[in-house]
Amino acid sequence: MSDKRQKNQLMLAFTDESRREAPRVSAEGTETVVAKRGTESLAMGEQLMEDVCARENCKQALARVKANKGSAGVDGMTVNELPGFLKQHWPAIREQLLSGTYKPEPVKRVEIPKPDGGVRKLGIPTVLDRFIQQAVMQVLQRKWDRMFSDHSYGFRPGRSAHQAVAAAQQYIAAGYRWVVDLDLEKFFDRVCHDQLMAKIAERVSDKRLLKLIRAFLRAGVMENGLVSPVDEGTPQGGPLSPNGALRRKRCCDSRRESVSLRAGRGALASNE
């Protein structure tokens, strides 16, 4: 299928529907209470799911998923098959997202070797779930990026590890002598769902979006044909995982900046 034909199909699939209010649903866990009492809470009437499902946002999400390529998830659908699937099924999927009834598929367990030994466990979502995660991530990224530390370079648009190295070189030239190299061991494997959702709820009040994010966290893992439940951790392999990590990392940034430490990604420097 030519790129021009695929583009025409997507224009038909992502129709410019009116931003009507969809039925609201209750979220699970502690995020609802925290959102009400959090000092960072925004307007309770926000409609972020409409932003997630907006035509331009979906077109950008699909382009990103296609560019990233990647393997199929548990349903076997490939990236190349996704545009045709969306052309046929997007109106129903959109309705599920807006009504809070969408259910993600389990992720597929894949293990890759680490350079220093051992393996890193990845969770590969289906291409449809990767598309939806990407659409969610883009909305959250626009909403949250400005609140992250200026010294945070990982998993952020327009930032890179090269910029972090350049910042570290500037700290050395400025006379900072101590360097602390930090790594949170098995961070993605041990993220507490309730704590993560509570932090997200401080900035997100759309209960449909909170429910969707929790559903992705608890979708389960398929390994050797069997699906296992997930009570903690966020699978590495989907677009939303780094965004959740950044939201948790914000707490560390606040504490670090309160004691005037300089940082570049995971490097801290002090001249004392």
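Predicted model: local features only at pLDDT ≥ 70, side-chain atom pairs only at ≥ 80, totals over all residues.

I looked up the handedness of α6 against α10 and found a left-handed crossing. The term means that the near helix is turned anticlockwise from the far one by less than a right angle; clockwise is right-handed. Helices here are DSSP runs (H or I, at least four residues), numbered from the N terminus.

Residues are numbered from 1 along each chain as its sequence is written, and side-chain values use heavy atoms, with hydrogens and water left out.

Next, the geometry of that pair. Helix α6 spans residues 127-144 and helix α10 spans residues 207-217; their axes lie 12 Å apart at an angle of about 130°. That makes α6 oblique to α10. I used these classes: under 35 degrees is roughly parallel, over 145 roughly antiparallel, 65 to 115 roughly perpendicular, and the rest oblique. Axes are lines fitted to C-alpha atoms, for helices over the stretch in contact, and angles run from 0 to 180 degrees between N-to-C directions.

Then I listed contacts (heavy atoms within 4.5 Å). From α6, Asp129, Ile132, Gln133, Val136 and Leu140 meet Leu209, Leu212, Ile213 and Phe216 of α10. This contact has seven nonpolar, one polar and one charged residues. Classes: Ala, Val, Leu, Ile, Met, Phe, Trp, Tyr, Cys and Pro are nonpolar; Asp, Glu, Lys and Arg are charged; the others, Gly among them, are polar.

I turned to α9 and α10. They pack at about 155°, axes 11 Å apart. The two are therefore roughly antiparallel. Their crossing is right-handed. On the α9 side I found His193, Asp194, Leu196, Met197, Ile200 and Ala201; on the α10 side, Leu210, Ile213, Arg214 and Leu217.

Helix α4 (residues 55-68) came next. The axes of α4 and α6 come within 9 Å and cross at roughly 120°. That makes α4 oblique to α6. The crossing is right-handed. The residues in this contact are eight nonpolar, four polar and three charged.

Last, cavities. I defined one on a 1 Å grid over the protein atoms alone, as a set of points where a 1.4 Å probe fits but cannot get out; lining residues have an atom within 4 Å of a point. I counted one cavity of 30 Å³ or more. The largest cavity has a volume of about 200 Å³. Its lining holds 21 residues, with Phe216, Leu217, Thr234, Leu240 and Ser241 nearest its centre. At least two lining residues come from each of α6, α9 (193-201), α10 and α11 (240-258). By class, I recorded 13 nonpolar, six polar and two charged residues in the lining.

Terms used. 1 Å grid on protein atoms, 1.4 Å probe; cavity = no way out; pocket = protein on both sides within 12 Å on 5 of 7 lines; lining within 4 Å. Points joined across faces, edges and corners; volume = space filled by probe spheres on them.
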